[in-house]
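Subject: Structure handover

Hi,

Here is the structure I promised to pass on. Please have it open while you read, as my notes follow below.

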Amino acid sequence: MSASEGNYLHIVMPDQISDTRRNFGRFIIWGSAVLLILTVLLQSLDQSNFLSFGFENWRPTLYAYLFWAFCLCLGQVILYGEQGKRRLFILPAVLFVISVVIFPLIFALGIAFSSWNLSSPDGRQFNGLANVYQMWSDPFYWNALKNMIYYTLAILFEYIIAFSLALLLNTQIRARKFFRVAFLMPLMLSPVAVSWMIGKSMLEARFGPISRLARELGWENPSFFGSHEMARAVIMMMDAWTFIPLMMIMILAGLQAIPKEMHEAADVDGAPPWKKFWEITFPLMLPVSITAILIRIIFKLKLADIIINVTSGGPGGATDSVTSFIFREYRDRSNVGYGTFLAIFYLIIIVILMTILIKIADKWMRPRY
Amino acid sequence: MNKQIFHDTAQDLSFKPNWFFNRFLIYGVLIIWAFICLFPIYWTITTTFKAAPDVMKGNIVPWWDFTPKWLGLKSLGLSPNTIFVENTVREEFLKRFWNSTIIAFSSSTIAVALGSCTAYGLSRFSYRFGFMRNSDISFFFLSQLILPPVVLALPFLVLYKELALLDTRIGLIALYTLTVLPIVIWIMRDQFGSIPVELEEAALVDGLSLWKAFGTIILPIALPGIIAAFIISLVLTWNEYFFAALLTSSHAKTLPVMVASQTGSQGIAWWSMAALSFAAILPLVIIGIVLEKFIIKGMAAGAVK
């Protein structure tokens, strides 16, 4: 993560910033901030029926916030000159991420401990730890979490397939471009379209081509979403189908970065291919593999589209991922509070596990001498 | 007595069964996997032109075991004899298609603009915001990748309702920008890291300002990376379903939501579903074929250090 440290641009630009300019800079930043606070105050007073200004929504606050953000960016240049221009490179993105992630997350914490049915007129009701108890005794949520573990473990198989394909693509073959494009295709397709194309039509029990093939091979009544294990496996396969290209390309890039001399030296020493793979290629590929697997895990944890569209969690919650479960929880009961609490709980688990994983991976990736 | 019956001719000696077997195996596996990757697309395209009996009988090869009909495109109002006639389905479809296009393009553009500036800043200057240094800021951006969309979905539902942004394109654009921003930063950081700092130093010494040096010298060099980041963002935002399903209802509905909403109700109208799915994947299939180089470049970024 810190590979580029020390590669900075070391140029100092002369700057003369007059007092009037500095004052003006301060004025627009603080002026717009005051404007923002005033708007928020007025709107909250209006919201709590204290005073009535006839605001229809919180748009004015949004505009005031945007104005403040703009003034803050402008103010940096006015106040700090060259240094401010440097800040301007990252300030907009920082402000953007803070306003669409950090602020909603804090807001989400507030919602998580309340019961809020969007379709009922009562609005938000704080209900303390009731959501925690509800979650604790919700077998479907725990089931969804358990499914996520299965889904994540499936990555190992995806990795093996992706690695073999990358090895094949890395050999001397004709029509490499064709194969690369063909292998890349599944990643480009929209998961929703994929769930229709494969899940709903090709796996259709009576006349989908895959069921037909299964019948040819001697499976009497192919049903892909009948039993729990089968349905889960099919979802895993469809997701693998979409995402194997991603891992494959990362691994392929790693394979191509291995210097040829390594293999030549091994050839001179007369190493058999199998040994060459285990003792040269695989260890050298370890960092790339770990990066690829970590990225794949991150994407896997968001798995939802295919499940929502193909099985909507069934049969009996066997294919539910956490995301699809919360999606249905909201769709069926429109309970924002409980759904948000489940999501926050999921986020906490993910953050803890990913931190541990990244720490372990970091240790593994460091070369051992 | 011991006369050898078979002699190895020069031709026989040059035959290496091992080598041929290997070739055969490699191409065999490659072709099988290519088939697995491409068959669903082929199936969708052909199903667009099948009538119900053809679907039931499982006919696969056009003109050989079934005659193509314009059923699928007709149901979307895009077949030759319906294209000039008023058609509500087509109106609907074009509206969704247009929504998807606008949302995907604007959010990718914004993400690439914000992301390349940020990546450039992080790769060139040392910042300090309180305790946050460059690597912390980098981590702050990249860690957004871990955030599952479901955590933001419900708060945004409520927030957008209050802000009257529910079911608007702008609302979706903001969220999509957020989802692809970490990926753009990841790719662009890699790209800028490989450009030597001496270039800007020379430019600055020659009297260019910081932003001008960035715009006229660095950006053109980083263009391949920018295109890669843009295309990957485009793919992700075009295909996004989860947020669109929750946050839009009629006005700003995107194409994936339209496809998904048809699956339940019209399970039997195979040709129309196939046509719709096909239309949803077609732009990306074309992009994938034409710009494959950039996509691979983008995905490989950061894998190799």
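Let me begin with one residue, Val184(B). Leaving aside residues up to four places away in sequence, Val184(B) touches Ala111(B), Val112(B), Gly115(B), Ala229(B) and Ser233(B). Touching, or being in contact, is meant here as C-beta atoms, placed from the backbone, that lie within 7 Å.

Before going on, some housekeeping. This is a predicted model, in which local features need pLDDT of at least 70 and side-chain atom pairs count only at pLDDT 80 or more, while totals for chains, interfaces and linings use all residues. Residues are numbered from 1 along each chain as its sequence is written, with chains lettered from A and ligands numbered from 1 in the order in which they are written.

**The core**

Val184(B) comes up again in the largest nonpolar core, which has 168 residues. Together with Met248(A) and Ile251(A), Val184(B) is among those with the most contacts inside that core. A nonpolar core is a set of buried Ala, Val, Leu, Ile, Met, Phe, Trp, Tyr and Cys residues joined through C-beta atoms within 7 Å. Buried stands for 20 or more other C-beta atoms within 10 Å of a residue's own, exposed for 12 or fewer, and partly exposed for anything in between, again with C-beta atoms placed from the backbone. Helix 10 (residues 228-257) of chain A supplies the largest share of this core, with 15 residues. Helices are DSSP runs (H or I, at least four residues), numbered from the N terminus.

**Where the chains meet**

Chain B puts 88 residues into the contact and chain A 83 residues. On the side of chain B that touches chain A, helix 2 (residues 17-48) of chain B gives the most, with 12 residues. By class, that side of chain B has 66 nonpolar, 16 polar and 6 charged residues. For these classes, Ala, Val, Leu, Ile, Met, Phe, Trp, Tyr, Cys and Pro count as nonpolar, Asp, Glu, Lys and Arg as charged, and the others, Gly among them, as polar.

Helix 10 (residues 210-221) of chain B has 12 residues and reaches 16 Å from its first C-alpha to its last, close to the 16 Å expected at 1.5 Å a residue (the expected span is 1.5 Å times one less than the number of residues). Which residues of helix 10 of chain B are buried? They are Leu210(B), Ala213(B), Phe214(B) and Ile218(B). These residues cover an arc of only 95° around the axis, so they sit on the same side of helix 10 of chain B; the arc is that of the directions from the helix axis to the C-beta atoms. The face turned away from that buried side carries the exposed residues Lys212(B), Gly215(B), Thr216(B) and Pro220(B). Cover for the buried residues includes helix 3 (82-112) of chain A, along with helix 5 (88-124) and helix 9 (198-205) of chain B.

Helix 8 (residues 191-202) of chain A has 11 of its 12 residues buried, so it is largely enclosed by the rest of the structure. Among the buried ones are Trp196(A), Met197(A) and Ile198(A).

**Domains**

The bounds here come from an automatic or database domain assignment. Chain B gets domain 1 (10-75) and domain 2 (88-300), with 34 Å between their centres, taken over C-alpha atoms. Their contact takes 11 residues from domain 1 of chain B and 10 residues from domain 2 of chain B. On the domain 1 side of that contact, helix 2 of chain B gives the most, with 5 residues, and the classes are 5 nonpolar, 5 polar and 1 charged.

Chain A is divided into domain 1 (19-112) and domain 2 (139-191 + 230-365), and 40 Å separate their centres over C-alpha atoms. Here 4 residues of domain 1 of chain A are in contact with 5 residues of domain 2 of chain A. The domain 1 side of chain A has 4 nonpolar, no polar and no charged residues.

**Two alanines**

Ala175(A) has a positive phi of about 55° although it is not a glycine, and its place is in the loop between helix 6 (155-169) and helix 7 (176-188) of chain A. Ala164(B) also has a positive phi of about 55° without being a glycine, and lies in the loop between helix 7 (149-162) and helix 8 (169-193) of chain B. Ala175(A) counts as partly exposed because it has 13 C-beta neighbours inside 10 Å. Ala164(B) is partly exposed, with 14 other C-beta atoms within 10 Å.

Over to you!

Terms used:
Contact = placed C-beta atoms within 7 Å.
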